[in-house]
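Biologist: I would like to learn how to read a few side-chain features in a model like this one. Could you walk me through them?

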Amino acid sequence: MEQAKARSDKNHDPRPQHEEEIGDVPRVRNLLLRSMCAVYLMAFVSFYCQAEGLYGDGGILPASRILANGTLKERLSLLQLAPFVGLGHGHEAIDLLCLVGATVAFLGLISRAHCRLLSFIVMWSVYFSLVQIAQSFRQQADHLLLEAGFLCILLAPTRLTDRRHPMEAIALLLLKWLVFRFMFASGSVKLASGCPLWWSLDGLKRHYETMPLPTSYSWYTYQLPDAFHRVSTIYVYLSELVVPWLFFAPSRTVRRFAVWWHVFLHLNIIGCGNYGFLSPLVLTLLVALLDDEDELVVWVQERLAVDDTRRRAGRARTAARNSTDDSADRYGGRLVKAISLFMVVGSWLCFSVGVSKDDGQLTFQPTFTQDQYLNVMQTMVRAAPLLVFVLLVKQFLKLLSSQDSVGSLAEGMRQFSKNLGLLISTIVAFTVFFMSIVPHSRLLPSTAVTSPVMTRAYGGLHSLYVVNQYGRHLTKMRPMRREIILEYGDELNGTWHEYGFQYKPWTVERAASLPYGWLHFPRFDFKFYDAAGSKSDAQKWIYPLVQRLLDHQQPVLDLLDSRHVPAEAPRYVRTSLYRFAYTSFADAGGFWTRERLTDYFNVFSREDAHLRDKLRQMNFRTAAEQSASGGGGGSWNWLLRWLLDAVRRFVGAIEGSYLLIGLFVAAGMVLYTQQQQQQQQRVGQST
């Protein structure tokens, strides 16, 4: 009775409830969700900029092939609903999904009112539908975004409120586990592969030259001394194998140290390579390591807050908590110094750092064997899920202990409804965690989970990209850079001209050989990196590309550099394989030297029988076949099609990276205007 009366008094007293709401602002949750909206915006806009050329009816791999003839899992997409709005399966339906997703993401970025559960369900569903049709152009960044986006569904609030919900701690822990898995997988496979470049600490220097889409920053970094690159490689090993364990440290100071360590790493990754939204996504996941009272989180929250009363009360509450937490974490600074010393001494001993007597340069030699490394990795791979499971159980027990007692039937019904939702969310969270152990255990053959039940369950979740495997890239460094160059001509023995690319290296001209894509993710150019490192038969998407070039299809030509595209359809197209190498400071001219190695594909023409057979095997229709069959069936909504085409014509004139920069500048201006309006209202009320 006393508890029920206390609750009744609390419900009738608005002041304590308001104070509790002010003092319990989940800043980390809000900052992480707003940042995820920014990452979704990058992903949707990047997909939109290339959708017509990649997946339209005149594109390289039309989405209609998958939606009509794919497997049941492949056809699971919101694009199946396009005929109901009169758009068919052409690029207009893809444009509509991209614009819907980008709009929801932009609104979530500029307003907390739109950064909630429904928004994240919409963004995940839309992006999942787009990734379903990505086919050969799907990348691991898509997998990571979908997995992180699903966990954000567990984290996002249902209603427009700043109050915490019980699942927040569990969802944040799963996000920590996700970024741990991604970073640890990226590091563990390097030495486990036995690649001599990684073992000699020359892998990072080679990576600057052979990465998918390098920038000029990569070229300048490549020119630094070899000792610098070997020290940098050790830094990468520490970043991916040692520092991720600090993500779960109880000390706030230690976790903040891990965050800033990785911020420096990923800022360099953004500078040296065009990886699109991958590094911004990892940086967003690192927000889960911070506390609500962290100075950076408080500063950002104050910039985004529009309620001055809430801002001042939150600042006062933060100061009080900081004084308590600082006393509890008074050894955090000492721990960071001890950890830093341990990493320096450990690196010195593990890699036998010395000085050469001949030239005085630093020398490095691993003092451990590959078998010893694999033994240590076995222990680490098995220990990580156990650690996270203990932390999950701890959070689950804390969740149970926080449940209120029931004083009446009505309260009991409300509590039952609330607990039912928590039960479902908890089951989903633990299921995702246990299934994530399967790809994590596959980092080494000796630790792989062999249970057929778990592997089948993982396969089901992986088909939805809820749980994925990472670390398959950079296992073995390429000894040299190979590039595929597209060429066209009107005579077999005549002059061959080159198609230009927007982002990938293809020319030795300095101005066009190492462009910056910044936050834009150019899938088309990125895919050529995979193709250049594999056999030509494995890259079936090049056959449709060649056919589109022979047909002179404008959507595909828009993916290329318009300054190096023929005015009319060529008679012949071929692909050549070149070797590219960085120049040095002493060389005058561009960033690259190149040498033609061989043909990647033979010369093709429209009448080529081999090309027609390959396209027939892929169920691919040429432009003439599409016209003869009356393509575009089901596209009866001419008004919506006209509107979508108008938007594409307007946006198509803006390069993808500039478009994203413009959208983020616009978002910043909206946030600034909101703050100014709130300040003017407060001044008017005070006067």
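Modeller: Gladly! Let us start with burial: a residue counts as buried when its relative accessible area is under 20%. Keep in mind that this is a predicted model. Glutamate 147, in helix H7 (residues 140–155), has a relative accessible area of 2%, so it is buried.

Biologist: Which side chain makes a polar contact with the side chain of glutamate 147?

Modeller: For a polar contact, look for a pair of N or O atoms within 3.5 Å. Here the partner is the side chain of tyrosine 470, at 2.6 Å. A polar atom of the glutamate 147 side chain also lies 3.2 Å from the backbone nitrogen of asparagine 468. Leaving aside residues up to four places away in sequence, glutamate 147 touches several others, including Leu178, Arg181 and Tyr465.

Biologist: Now the rings. How many aromatic pairs are there?

Modeller: Rings pair if their centres lie within 6.5 Å, and by that rule there are 51 aromatic pairs. One of them joins phenylalanine 180 and phenylalanine 184, stacked with 5.4 Å from centre to centre and 10° between the planes. Both belong to helix H8 (residues 168–192), four residues apart, or about one turn of the helix.

Phenylalanine 501 is in strand E5 (residues 500–501) and phenylalanine 528 in helix H22 (residues 523–532), so the pair ties together parts 27 residues apart in sequence.

Biologist: And which residues have a charge over a ring? I mean cases such as arginine 510.

Modeller: Check where the charged end lies relative to the ring centre. The charged end of arginine 510 sits over the ring of phenylalanine 591, 4.1 Å from its centre. Arginine 648 lies over the face of tyrosine 48, 4.3 Å from the ring centre.

Technical notes
Residues numbered from 1 in each chain as written. Predicted model: local features only at pLDDT ≥ 70, side-chain atom pairs only at ≥ 80, totals over all residues. Heavy atoms only, no water. Helix = DSSP H or I, 4+ residues; strand = E, 2+ residues; numbered from the N terminus. Buried < 20%, exposed > 50% of the residue type's maximum accessible area, 1.4 Å probe, protein only. Polar contact = N/O pair within 3.5 Å; in protein donor to acceptor, adjacent residues only side chain to side chain. Contact = heavy atoms within 4.5 Å. Phe/Tyr/Trp six-rings, centres within 6.5 Å; stacked < 30°, edge-to-face > 60°. Lys NZ or Arg CZ within 6 Å of the ring centre and 35° of its normal.
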